[in-house]
Amino acid sequence: MSTKSDKNIVDLFRDKKMVKICAPMVRYSKLQFRNLVKFYDCDLTFTPMILADSFCQSEKARRNEFKTNSLDDPLVIQFAANTVHDFVGAAYLAAPYCNGVDLNCGCPQKWAKDQELGCEILKKPELLYDIVRQCRNRIPKPFSVSVKIRLLYDIKETVEICRQLEKCDVSFLTVHARYPQQSVGEINRDALRLIRESCDKPVVGNGGITTLEDCFKLHEYTGCSGVMVANGILTNPTLFANNPLTTIDCVQNWLDICYNSTITLDKYAKEQEHPSCTIPERPPNLIFQCFHHHLVFMLEKLLPRKKRQYFNNLKTFSSVLQFLDDTFCIRPRLFEPEKFLKYLTLNLDYSDRHSMYENLKPNNLHIEDVFSIYDPQNTDGKYFSTKTKSENCDWSDIFLENG
């Protein structure tokens with residue numbers, strides 16, 4: 001049974017002059033953060049990139065990599081894949097719990113190149129077209145099927161790929177307007193404008209956005225139908241609401257969302273009687289790294305240097321919560337019952353959804369043929385590591401791995 005609305009993402013592009021989108025971000029665009037940005041005028045959110053083969057073959061991968069709730073809508077799940085059976089199989093499994101899927105054709109990281117994922121797929125355009133076409137033919141609308149790409153050095157080749165994807169009935173295209181080898185610097189707005197002028201389907205611009213004014217400028221210059229933000233919205237989740245800095249209200253909402261996400265339904269009544277207003281050190285549905293890192297990014301411009309360095313090196317939920325209470329007089333608050341149920345993590349049942357993958361996969365596929373699982377939780381990530389060591393760091397390539 002579907003838990004998502006039949007909301008048509010394509011209608012967003014028809015109804016809004018500029019669709020505001022939170023990018024897929026390794027480690028960070030998890031459920032709690034997607035819920036947070038919806039407070040602040042974000043129209044559409046993406047999950048972090050998920051390896052489609054692992055999602056199809058491993059119940060543990062599905063459980064660990066994707067969580068959702070009734071407020072997580074509209075939502076696009078981004079998959080990395082280089083075969084029809086993996087991408088279509090994963091899309092079919094996930095379809096009841098999201099509004100669309102996106103194929104990552106922009107990740108330039110070495111591990112992705114070694115697996116012929118991400119931007120490597122742009123070197124095999126016929127495979128790309130077949131993946132999109134078959135997914136579109138097997139999962140009916142209004143479910144969306146989109147693609148996120150980077151620029152090729154031959155802009156005409158990039159335009160041609162986008163045109164051919166339109167013929168495959170792609171729902172919309174997102175263009176990170178940098179080249180695979182480019183991690184910093186200005187985006188190519190002229191190339192983005194040319195792609196937009198050459199396509200009839202909605203085109204989303206991505207790259208180099210840190211303020212709402214940047215969004216409007218990119219929209220006005222290129223004519224793109226939407227703007228996708230990564231770096232800027234991580235530092236300031238209220239960016240789309242036109243706040244220049246993260247607000248204390250936003251930090252409070254982050255605490256509330258995270259705290260309530262760790263409370264199971266059977267424990268809610270007990271919590272109502274005696275609210276703990278704290279997060280245990282090993283809570284369900286929340287990783288300390290994710291909780292703390294988001295606060296590090298949000299508080300970057302709100303704390304003086306010494307306090308910032310101290311906070312960035314905290315290691316426990318209790319120490320973080322005590323710091324926020326001492327510094328801002330804020331602490332987690334328990335949601336009222338109706339609100340709590342809306343934020344409750346759903347139990348997802350895939351038991352009757354495996355047929356598509358089983359029918360499409362090759363008969364000779366063996367377990368050793370599948371990719372090793374990329375686990376971003378094994379490291380803190382380049383950006384966060386710099387925050388615990390130096391105050392003068394260039395973090396513009398933090399989301400390079402997401403293309």
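Residues 24 or more positions apart account for 75% of the contacts with a separation of 6 or more in the chain, where a contact means heavy atoms within 4.5 Å. The model is a predicted one, in which local features need pLDDT of at least 70 and side-chain atom pairs count only at pLDDT 80 or more, while totals for chains, interfaces and linings use all residues. Residues are numbered from 1 along each chain as its sequence is written, and side-chain values use heavy atoms, with hydrogens and water left out.

## Overall composition

The chain contains 19 helices and nine strands. Helices (H or I, at least four residues) and strands (E, at least two) are DSSP runs, numbered from the N terminus. Of the 403 residues, 57% count as buried; buried means under 20% relative accessible area, exposed over 50%, and partly exposed in between, computed with a 1.4 Å probe on protein chains only.

## The nonpolar cores

A nonpolar core is a set of buried Ala, Val, Leu, Ile, Met, Phe, Trp, Tyr and Cys residues joined through side-chain atoms within 4.5 Å. The largest such core has 120 residues, of which Phe79, Leu128, Val147, Phe291, Phe311 and Leu324 touch the most other members. Helix α5 (residues 84-94) supplies the largest share of this core, with eight residues. Another core, of six residues, lies apart from it and includes Met49, Cys107, Ala112 and Leu117.

## Aromatic pairs

The structure holds 15 aromatic pairs. Rings of Phe, Tyr and Trp (its six-membered ring) pair if their centres lie within 6.5 Å; planes under 30 degrees apart count as stacked, over 60 as edge-to-face and the rest as tilted. Two of the pairs are set out below.

| Pair | Centre to centre | Angle between planes | Class |
|---|---|---|---|
| Phe291 and Phe317 | 5.2 Å | 40° | tilted |
| Phe311 and Phe323 | 4.9 Å | 45° | tilted |

The pair of Phe291 and Phe317 links distant parts of the chain, since Phe291 belongs to helix α14 (residues 288-298) and Phe317 to helix α16 (residues 317-328), 26 residues apart. Phe291 is buried, with a relative accessible area of 0%, and Phe317 is buried at 1%.

In the other pair, Phe311 lies in helix α15 (residues 305-312) and Phe323 in helix α16, so the pair ties together parts that are twelve residues apart in sequence. Phe311 counts as buried at 0% relative accessibility, and Phe323 is buried with a relative accessible area of 8%. Not counting residues up to four places away in sequence, Phe311 touches His292, Leu295, Val296, Leu299, Leu303, Val320, Phe323 and Leu324.

Elsewhere, Phe55, Phe79, Phe87, Tyr97 and Tyr350 form one aromatic cluster.

In helix α9 (residues 189-198), the buried residues are Ala191, Leu192, Ile195 and Ser198. These residues lie on the same side of α9 because they cover an arc of only 130° around the axis, the arc being that of the directions from the helix axis to the C-beta atoms. Their packing partners are α8 (155-167), β7 (173-176), β8 (203-206) and α10 (212-222).

The N-terminal end of α9 is capped by Asn188, which has a side-chain oxygen 3.3 Å from the backbone nitrogen of Asp190. A polar contact is a pair of N or O atoms within 3.5 Å; within protein, one must be able to donate a hydrogen and the other to accept it, and residues adjacent in sequence count only if both atoms are side-chain atoms.

Ser198 counts as buried at 18% relative accessibility. A polar atom of the Ser198 side chain lies 2.7 Å from the backbone oxygen of Leu194. Leaving aside neighbours within four places in sequence, Ser198 is in contact with Val159, Arg163 and Glu166.

Arg189 lies over the face of Tyr221, at 3.9 Å from the ring centre, and Arg193 also lies over the face of Tyr221, at 4.3 Å from the ring centre. A charge sits over a ring if NZ of Lys or CZ of Arg is within 6 Å of the ring centre and within 35 degrees of the ring normal.

## Two loop residues

Asp41 lies in the loop between α2 (31-37) and β2 (44-46) and counts as partly exposed, at 42% relative accessibility. Not counting residues up to four places away in sequence, Asp41 touches Lys20, Phe240 and Ala241.

Thr262 lies in the loop between α12 (248-261) and α13 (265-273) and is buried, with a relative accessible area of 9%. Leaving aside neighbours within four places in sequence, Thr262 is in contact with Ile279, Pro283, Pro284 and Leu286.
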